[in-house]
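Colleague: Could you walk me through how to read a few features of a model? I would like the general idea, then the case at hand.

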Amino acid sequence: MTYEEFYMEQARLAEKLKKEKQVVKLLLLEKSGMTATELYINYRKKIPVEVRKKTLAALDEYFHHNKPVQYLLGYTYFYGLKLLVRPGVLIPRPETELLVEKVLENIVGRKTPRILDLGTGSGAIALAIKKNRGDALLTATDISALALGVARKNAAMHGLDVEFIESNLFASIPGKYDVLVSNPPYVSRDENIDPLVSENEPEEALYAGEGGLSFYREILSRAREVLFDSNLIALEIPENKDEELSAIVKNYFPESEFAILKDLNNLSRILIIRNDWRI
Ligand SMILES: C[S@@+](CC[C@H](N)C(=O)[O-])C[C@H]1O[C@@H](n2cnc3c(N)ncnc32)[C@H](O)[C@@H]1O
């Protein structure tokens, strides 16, 4: 069987199962170790048995076991960076890129800002900020040693200098920061989410108590401990809890200026709190 025949056969199957045809190509490229150009050149050649077997095994997981393609590929892209991901580590989402954008916007003019990324997962937010602001000093934490292992690999892969610390929220965080950024878990236990997510991604990265808001209360009640007086807090938030979140902010930061920003779909996505923040 040639690469072409194999691809056509699997692409037809994808169509029949209402799955993405593009995934067949991506997995074939990944498992064969070829670039798209190399695949094109070799299209009419025989596909090696090993490549066929490996691609079929991954496709079986995708077609029949509802596995996210990012875990099967072992990587995804975030803010233009290729990042390794694996089961046990949250797949960074395109929505979270807005959080990076807002932090970058707000630190223009601040030299060597000290930034803490709480619950870094794959390292996505910290690495994207560091990539775009080489002078920023980044510390990224997570409760999951597995996630930190992946985040460290991602930092090394891109030659980005980020300090990684295993910490349950603020328990082991040294020093003080100008910026606290976080995309904390915020799915409420009674929420019905896509089984692709609930069956595959780590529980501790998704769910939070108090209707999904417990991390906001915990973070905002203690944020001052790790922040300088002039500081910026930027958090990703659920799309439908503006009132409850505003009440939490007003409770812990009654004097502060804050805003809830919407994404391109006009859904609430980012909470920004500025405390005497000058840029
Ligand atoms: C929604 S994920 C975000 C991951 C990454 N920042 C991103 O945006 O792709 C939340 C992360 O918080 C971590 N986490 C959960 N509970 C934590 C805790 N108590 N302390 C520190 N990190 C925690 C999870 O392991 C997970 O990596």
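Colleague: Which elements do the buried residues of α12 pack against?

Modeller: Keep in mind that this is a predicted model. The buried residues of α12 pack against the strands β3 (114-118), β6 (177-182), β8 (207-208) and β9 (227-236), and against helix α13 (242-252).

Colleague: Which residues of α12 are buried?

Modeller: In helix α12, residues 214-222, they are F215, Y216, I219 and L220. Looking down the axis of α12, you find these buried residues within an arc of 115 degrees, so they line one face of the helix.

Colleague: Now the backbone. What should I look for in phi?

Modeller: Most residues other than glycine have a negative phi. Here Y79, which is not a glycine, has a positive phi of about 50 degrees. T112 is not a glycine either, and its phi is positive at about 35 degrees.

Colleague: Where is Y79, and is Y79 buried or exposed?

Modeller: Y79 sits in the loop between β1 (75-78) and β2 (81-84). Y79 counts as buried because it has 20 C-beta neighbours inside 10 Å.

Colleague: And T112, buried or exposed?

Modeller: T112 counts as exposed, because it has 12 C-beta neighbours inside 10 Å. Its loop runs between α6 (97-106) and β3.

Colleague: Last, the ligand. How many residues surround the ligand?

Modeller: There are 21, and the closest are P92, G119, G121, N183 and A205. Two or more shell residues come from each of α7 (124-132), β4 (137-142) and α10 (203-206). By class, the shell holds 10 nonpolar, 9 polar and 2 charged residues.

Key. Residues are numbered from 1 along each chain as its sequence is written. This is a predicted model: local features need pLDDT of at least 70, side-chain atom pairs count only at pLDDT 80 or more; totals for chains, interfaces and linings use all residues. A residue is near a molecule or strand if its C-beta atom, placed from the backbone, lies within 6 Å of it. Helices (H or I, at least four residues) and strands (E, at least two) are DSSP runs, numbered from the N terminus. Ala, Val, Leu, Ile, Met, Phe, Trp, Tyr, Cys and Pro count as nonpolar, Asp, Glu, Lys and Arg as charged, and the others, Gly among them, as polar. The arc is that of the directions from the helix axis to the C-beta atoms. Two residues are in contact if their C-beta atoms, placed from the backbone, lie within 7 Å.
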